[in-house]
Amino acid sequence: MRAMVYRGPYKMRVEEKHKPTIEHPNDAIVRVTLAAICGSDLHLYHGLMPDTRIGHTFGHEFIGVVDEVGSSVQNLKPGDRVMVPFNIFCGSCWYCARGLYSNCHNVNPNATAVGGIYGYSHTTGGYDGGQAEFVRVPFADVGPVLIPDWMHDEDAVLLTDATPTGYFGAQCGDIVQGDTVVVFGAGPVGLVAAQSSWLMGAGRVIVVDHLEYRLEKARSFAHAETLNFTDYGDIVLELKRQTDWLGADVAIDAVGAEADGNLLQHVTTAKFKLQGGSPVALNWAIDSVRKGATVSVMGAYGPIFSAVKFGDAMNKGLTLRMNQCPVKRQWPRLFEHVRNGHLTPREIVTHRFPLEHIAEGYHVFSAKLDGCIKPLVVPTAA
Ligand SMILES: NC(=O)c1ccc[n+]([C@@H]2O[C@H](COP(=O)([O-])OP(=O)(O)OC[C@H]3O[C@@H](n4cnc5c(N)ncnc54)[C@H](O)[C@@H]3O)[C@@H](O)[C@H]2O)c1
Ligand SMILES: [Zn+2]
Ligand SMILES: [Zn+2]
């Protein structure tokens with residue numbers, strides 16, 4: 001089969017690879033019909049996540065058609081159209097029993113923190129991903145569900161990560177009626193977090209980024225106020241000024257490890273790999289909310305420490321909430337929101353790349369060229 005293959009930072013190839021096979025009775029093999037590139041894939045692309053191995057196939061957002069099932073699979077059969085959450089999880093361990101699917105204990109030898117993720121670094125289990133013609137889906141009775149007839153394929157693929165994560169970001173903000181919510185980052189996750197904040201009762205939603213075309217999308221798609229942080233000497237001060245000098249009630253970090261806006265943080269992270277991520281947006285969030293506020297962290301950071309302003313968070317009495325999104329837990333509610341038009345995920349799709357051109361897709365998304373917000377990947381066998 002054809003698959004995206006990692007050959008080192010910034011080196012994405014499409015190569016011939018063995019088609020995956022059933023390795024366990026509860027596996028399924030899925031023929032991928034649509035995949036996507038996530039902001040998290042960019043951390044891999046830039047060589048920022050430890051233990052990203054040469055030869056690995058990325059891709060944790062995908063939908064497809066069941067090609068083959070293992071002998072114990074009961075819920076799926078060949079020919080079924082399925083959407084697959086980005087988390088791999090067993091459904092029965094201590095964590096899964098409590099809905100913490102992203103922290104499943106049975107799917108990752110490094111399971112002290114995160115569980116399993118398709119197509120990510122080996123810190124998340126080392127499973128090949130869906131930027132390929134076929135993918136092996138472990139625990140096939142647990143994660144995937146049939147794509148409802150009424151659902152558009154582009155909404156379905158965005159429901160495997162970006163949409164549930166944005167929604168989860170707003171949920172973790174514990175928004176109460178009338179709250180002012182500041183969302184850092186106007187990528188797919190931040191845009192959905194901003195749109196979702198209204199559903200949870202926000203009275204004001206402010207999105208911060210430095211890419212004008214994405215801020216424009218935040219205004220038209222999420223009806224948010226926007227601030228370009230390069231327009232202000234001190235974005236924290238500006239946010240305070242705009243919130244009665246108290247600060248916002250809720251902040252959502254939808255930026256993560258590669259935040260811009262502070263040269264020292266950037267150099268110590270991207271160049272010297274001294275931090276698990278540059279927490280510029282997280283520190284802005286901590287500084288710009290009011291005392292007693294909630295900061296929700298959806299942006300991904302690597303395993304080692306980052307220079308987070310923890311003392312300020314402590315002394316302000318902040319609540320910090322965060323996790324990799326437990327995607328399937330969000331689905332029942334999200335299916336309703338998408339069906340009713342309250343959430344409109346596919347409106348953020350800007351690009352569709354054939355699998356053979358995936359290197360261009362990574363480049364365009366990474367360099368934020370051509371108005372790129374969310375690139376999809378279309379495998380040739382589809
Ligand atoms: N928790 C989860 O389950 C989960 C799931 C998906 C993605 N993520 C993470 O969420 C983050 C966002 O993902 P995405 O797909 O939207 O990525 P993206 O790269 O498209 O978007 C990030 C945005 O942040 C902006 N930005 C950079 N520095 C900033 C700063 N200091 N302040 C404000 N904005 C800044 C960028 O210009 C960009 O528009 C990534 O870190 C990704 O790894 C987490
Ligand atoms: Zn992702
Ligand atoms: Zn589990």
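Angles under 35 degrees count as roughly parallel, over 145 as roughly antiparallel, 65 to 115 as roughly perpendicular, and the rest as oblique. The model is predicted: local features need pLDDT of at least 70 and side-chain atom pairs count only at pLDDT 80 or more, while totals for chains, interfaces and linings use all residues. Residues are numbered from 1 along each chain as its sequence is written, and chains are lettered from A and ligands numbered from 1 in the order in which they are written.

**Stop 1: the two domains**

Colour domain 1 (2-161 + 326-378) and domain 2 (163-322) separately. These bounds come from an automatic or database domain assignment. The domain centres, taken over C-alpha atoms, are separated by 25 Å. Now select the contact: 24 residues come from domain 1 and 23 residues from domain 2. Two residues are in contact if their C-beta atoms, placed from the backbone, lie within 7 Å.

Stay on the domain 1 side. Here α1 and α11 are the elements that give two or more residues. α11 gives the most, with four residues. Helices (H or I, at least four residues) and strands (E, at least two) are DSSP runs, numbered from the N terminus. By class, this side has eleven nonpolar, nine polar and four charged residues. Ala, Val, Leu, Ile, Met, Phe, Trp, Tyr, Cys and Pro count as nonpolar, Asp, Glu, Lys and Arg as charged, and the others, Gly among them, as polar.

**Stop 2: ligand 1**

Centre on ligand 1. Both domain 1 and domain 2 give residues to its shell, so the ligand lies between them. Show the 34 residues around ligand 1; Gly-39, Ser-40, Gly-187, Gly-256 and Ala-300 come nearest. A residue is near a molecule or strand if its C-beta atom, placed from the backbone, lies within 6 Å of it. Next, highlight α1 (39-45), α5 (188-199), β11 (204-209) and α9 (280-288), the elements that give two or more residues to this shell. α1 gives the most, with four residues. The shell divides into 18 nonpolar, twelve polar and four charged residues.

**Stop 3: α4 against α11**

Select helix α4 (residues 162-172) and helix α11 (residues 327-339). Their axes come within 9 Å and cross at roughly 85°. Axes are lines fitted to C-alpha atoms, for helices over the stretch in contact, and angles run from 0 to 180 degrees between N-to-C directions. α4 and α11 are therefore roughly perpendicular to each other. Show side chains: Thr-163, Pro-164, Tyr-167 and Phe-168 in α4 meet Val-327, Gln-330 and Leu-334 in α11. This contact has five nonpolar, two polar and no charged residues.

**Stop 4: α4 against α5**

The axes of α4 and α5 come within 7 Å and cross at roughly 50°. The two helices are therefore oblique to each other. Residues of α4 in this contact include Gly-166, Tyr-167 and Ala-170, and those of α5 include Gly-190, Leu-191 and Ser-197. By class, the contact of α4 with α5 has eight nonpolar, seven polar and no charged residues.

**Stop 5: α5 against α6**

Pick out Leu-191, Ala-194 and Gln-195 in α5, which meet Lys-217, Ala-218, Phe-221 and Ala-222 in α6. The contact of α5 with α6 has five nonpolar, one polar and one charged residues.
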